[in-house]
Amino acid sequence: MEPKKTESKLLKYFLIGISALFLFVMLVMPLCVVVTEALKKGWQIYIEAVTDPYTIDALFLTLKATLAAVICNTVLGLCAAWAVTRFQFRGKKILTTLIDVPVTVSPVIAGLIYLLVFGKQSILYPYLQNAGIQIVFAVPGIILATVFVTFPFVYRELIPVLESVGTDEEEAAALMGAKGWTIFSKITFPHIRWALLYGIVLCTARAMGEFGAVSVLSGHLRGLTNTLPLHVEILFNEFQYVPAFAVSSILVIMAVILLIIRSVMEHKGKKEEA
């Protein structure tokens, strides 16, 4: 028994060491580089970089696109998850496959698709122009791209929970005369609220860091269609390394805040289950 215990301990510490080394190289070191490079020339340069008008505009546009994507995907993801788990209909497998398309398609390809659909070469362009609507190289295009790449996150978190809960409680409430909204708010929502919030957090994190699709549709117009990731790219390409890392630190701070929120929600969810 002793050799087996020794082997299991060695294996345990080996796996822990490999995991810790991987996290250190892939996560801790890059974060340390971002912080050190952002503060390389002192706090004054850092403050000037993060309070630059273009940086502020990029931050607000990022938050605007993220908020729009979270609202749209929360509503659409909840409706799609409810339809898939609570109803039987033709084309159900096709619907679930199409919902997962944003995960499999490259964001750059998604941007190019929307560029072809709504750009000048599209048959829709004259109608959009007459209506005074500009999607490509404008804020609506950025929001559209962000919604597309983040759509499956809420849906994917809700599907397993709704399937595991089943419909017994909902059917019993319906037999007792409860209406649809009452059934959802009193019976269904308490079961899925932590999964819903977790999906919203993942959607938010993905939306804030989106680059590929937004890069294709934005046109890189400074102060107008540049999100924070695009603004970082422009600064880096202009060899303004310290401002680039300073702006990157904003994204890092927001990511850490989301990570803390996710950890708190996981703790509360496990506590309630226990």
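Of the contacts in the protein chain between residues at least 6 apart in sequence, 73% join residues at least 24 apart. The model is a predicted one. The protein chain holds 14 helices and 0 strands, so that, read from the N terminus, the order of elements is α-α-α-α-α-α-α-α-α-α-α-α-α-α. The C-alpha trace spans about 75 × 65 × 30 Å along its principal axes. The chain has 274 residues, of which 35% count as buried.

Helix α8 covers residues 139–150 and has 12 residues. From the first C-alpha to the last, α8 reaches 17 Å, close to the 16 Å expected at 1.5 Å a residue. The buried residues of α8 are Gly141, Ile142, Ala145, Thr146, Val147, Phe148, Val149 and Thr150. The packing partners of these buried residues are α3 (53–86), α5 (101–104), α6 (107–118), α9 (152–165), α11 (180–208) and α12 (212–218). In the loop between α7 (125–130) and α8 lies Phe137. Phe137 has a phi near 60°, a positive value in a residue other than glycine. With a relative accessible area of 41%, Phe137 is partly exposed, as this value falls between the 20% limit for buried and the 50% limit for exposed.

The axes of α9 and α11 come within 7 Å and cross at roughly 160°. The two helices, α9 and α11, are therefore roughly antiparallel to each other, since angles over 145 degrees are classed in this way. The crossing in which α9 passes α11 is right-handed. On the α9 side, the contact is made by Phe153, Val154, Glu157, Leu158, Val161, Leu162 and Val165. On the α11 side, the contributing residues are Thr188, His191, Ile192, Ala195, Leu196, Tyr198, Gly199, Ile200, Leu202, Cys203 and Arg206. By class, the contact of α9 with α11 comprises 13 nonpolar, 3 polar and 2 charged residues.

The second pair consists of α11 and helix α10 (residues 168–175), which pack at an angle of about 170° with their axes 10 Å apart. The helices α10 and α11 are therefore roughly antiparallel to each other. In this pair, α10 passes α11 in a right-handed crossing. Glu169, Glu170, Ala173 and Ala174 of α10 meet Ile183, Ile187, Thr188 and His191 of α11. The residues of the contact of α10 with α11 divide into 4 nonpolar, 2 polar and 2 charged. Thr188 and His191 of α11 are listed in the contact with α10 and also in the contact with α9.

The loop between α12 and α13 (228–237) contains Gly223, and His220 is placed in the loop between α12 and α13 as well. Phi of His220 is near 55°, a positive value in a residue other than glycine. At 31% relative accessibility, His220 counts as partly exposed. Gly223 is likewise partly exposed, with a relative accessible area of 27%. Leaving aside neighbours within four places in sequence, Gly223 is in contact with Tyr54 and Asp57. Gly223 and Ala58 are 165 residues apart in sequence, while their C-alpha atoms are 6.6 Å apart in space.

Ala244 is found in helix α14 (residues 241–273). This residue, Ala244, is buried, with a relative accessible area of 2%; the limit for this class is under 20%. With neighbours within four places in sequence left aside, Ala244 is in contact with Val232, Leu235 and Phe236. Ala244 and Val34 are separated by 210 residues in sequence and by 9.2 Å in space, C-alpha to C-alpha.

Ile47 belongs to helix α2 (residues 43–50). At 41% relative accessibility, Ile47 counts as partly exposed. Ile47 and Thr74 are 27 residues apart in sequence and 35 Å apart in space, C-alpha to C-alpha.

Terms used:
Residues numbered from 1 in each chain as written. Predicted model: local features only at pLDDT ≥ 70, side-chain atom pairs only at ≥ 80, totals over all residues. Heavy atoms only, no water. Helix = DSSP H or I, 4+ residues; strand = E, 2+ residues; numbered from the N terminus. Expected span 1.5 Å × (residues − 1). Buried < 20%, exposed > 50% of the residue type's maximum accessible area, 1.4 Å probe, protein only. Contact = heavy atoms within 4.5 Å. Axes fitted to C-alpha atoms, helices over the stretch in contact; angles between N-to-C directions. Parallel < 35°, antiparallel > 145°, perpendicular 65-115°, else oblique. Left-handed = near helix turned anticlockwise from the far one by under 90°. Nonpolar A, V, L, I, M, F, W, Y, C, P; charged D, E, K, R; others polar.
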